[in-house]
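Subject: Structure for your review

Hello,

Here is the structure I said I would pass on.

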Number of protein chains: 2
Amino acid sequence: MADHDHWQKFFLVETAEGAQTLSFSRTPTVLLTFAANLFTRQSAAALTKQFDIGAMDWRMLVMLTRHPGASVALSAETIGIDKAAVSRSLSRLLDKKLVTCIAQDRDPRRKQWKLTKKGRDLHDDILVVVLSRLRKQLDGFTEADILDLSRLLEKLHKNLQA
Amino acid sequence: MADHDHWQKFFLVETAEGAQTLSFSRTPTVLLTFAANLFTRQSAAALTKQFDIGAMDWRMLVMLTRHPGASVALSAETIGIDKAAVSRSLSRLLDKKLVTCIAQDRDPRRKQWKLTKKGRDLHDDILVVVLSRLRKQLDGFTEADILDLSRLLEKLHKNLQA
DNA sequence: AATCATGAGTTGATATGACAACACGTAAGG
DNA sequence: CCTTACGTGTTGTCATATCAACTCATGATT
């Protein structure tokens, strides 16, 4: 993006009163939070209603399926959520007997977390519903669209981490 | 998307243990929440530190610049946030003398919210910083990339609203 | 052996956003 | 005129996510 003045003006809209502010339809980060809020709201509602589990706990089920034995710190880093929230989620999952925890090596600080059979079963049940919802959410997207969206979101994420 | 079994398998990754779960790098909605969380975390940190204002209140400043005289209900619908949160944000902004409120018509329920001069000045100051951050966040994006990202996020948002 | 630095994980407090219920007021219908 | 339905906005409560501070234990340094 060579001429940044040009680009900055691109994201602005001029109001009837002559003021300038962010365009709701042309600023990617505005669109990002709009879409993410709506997605999260709907996911939370569906997960709570059908499985009595929150979005954060579902995310942990995915994380521990992907990385059995993960620690709080590794999970926090992988899914981009503060470790305090991860710690709390694991505590809830432990209460529900969806995970087990084992100390790693002889270092009691390092805990390895794994799903129980009950946890794996719940994960598999929810995955079916999530994939079905995903299909509707991506209705009308071509394969190229999906690959582009993933590529661009990943690039944005990398820029944010820089 | 014709063959949905194909597509559903596309978002899945098989773990070393033979389990299937969502791919963190190929599922757009996973990438969406990753990017949105990181963006929100950084925005909140920067806004709080430099202007002593939260992300939600900033969003309301943009909303009222865009639509002076907007109501709680209109704002909630436009920015996709629950009206309870909008109501609270406006209350905070009122306390800080950044907005004023006038009843519409003769119906005391319908309130019109507008920025004060102090609110407009703060909005303008923050906008400069937000645009500067946006430039960094979109570093390496071509114009086509930005247009694509906006188009795809808007499409996803529409699918979520359906 | 003692001290210090560092990291893992937990907990208290807070911001954000949602859900539900409610008070209130207007408009519509009988 | 009375009743009902509906929408606006507020408030209580809760889930999510963060920030900060803390406890605890290990490894490094002296």
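The notes below cover the DNA contact surface and then the pockets.

This is a predicted model.

DNA strand C is surrounded by 25 residues, and the closest are Ser87(A), Arg88(A), Arg109(A), Asp82(B) and Arg109(B).

- Lys83(A): a polar side-chain atom lies 2.7 Å from a base nitrogen.
- Lys111(A): a polar backbone atom is 2.8 Å from a phosphate oxygen.
- Ala73(A): a polar backbone atom is 3.0 Å from a phosphate oxygen.

Two or more residues each come from H4, H5 and S4 of chain A, and from H3, H5 and S4 of chain B. H5(A) gives the largest share, 4 residues.

Now the pockets. The largest has a volume of about 490 Å³. Its lining has 22 residues, with Glu77(A), Thr78(A), Gly80(A), His157(A) and Gln161(A) nearest the centre. The largest share of that lining, 5 residues, is from H4(A). By class, the lining has 9 nonpolar, 7 polar and 6 charged residues.

The second largest pocket holds about 370 Å³ of space. It is lined by 17 residues, and those nearest its centre are Phe34(A), Glu77(B), Thr78(B), His157(B) and Gln161(B). Here H2(A) supplies the largest share, 5 residues. The classes are 7 nonpolar, 6 polar and 4 charged.

Regards

Methods:
Residues are numbered from 1 along each chain as its sequence is written. Chains are lettered from A and ligands numbered from 1 in the order in which they are written. This is a predicted model: local features need pLDDT of at least 70, side-chain atom pairs count only at pLDDT 80 or more; totals for chains, interfaces and linings use all residues. Side-chain values use heavy atoms; hydrogens and water are left out. A residue is near a molecule or strand if one of its heavy atoms lies within 4 Å of it. A polar contact is a pair of N or O atoms within 3.5 Å; within protein, one must be able to donate a hydrogen and the other to accept it, and residues adjacent in sequence count only if both atoms are side-chain atoms. On a 1 Å grid over the protein atoms alone, a cavity is a set of points where a 1.4 Å probe fits but cannot get out, and a pocket is an open set with protein on both sides within 12 Å along at least five of seven lines; lining residues have an atom within 4 Å of a point. Grid points are joined across faces, edges and corners, and a volume is the space filled by probe spheres set on the points. Ala, Val, Leu, Ile, Met, Phe, Trp, Tyr, Cys and Pro count as nonpolar, Asp, Glu, Lys and Arg as charged, and the others, Gly among them, as polar.
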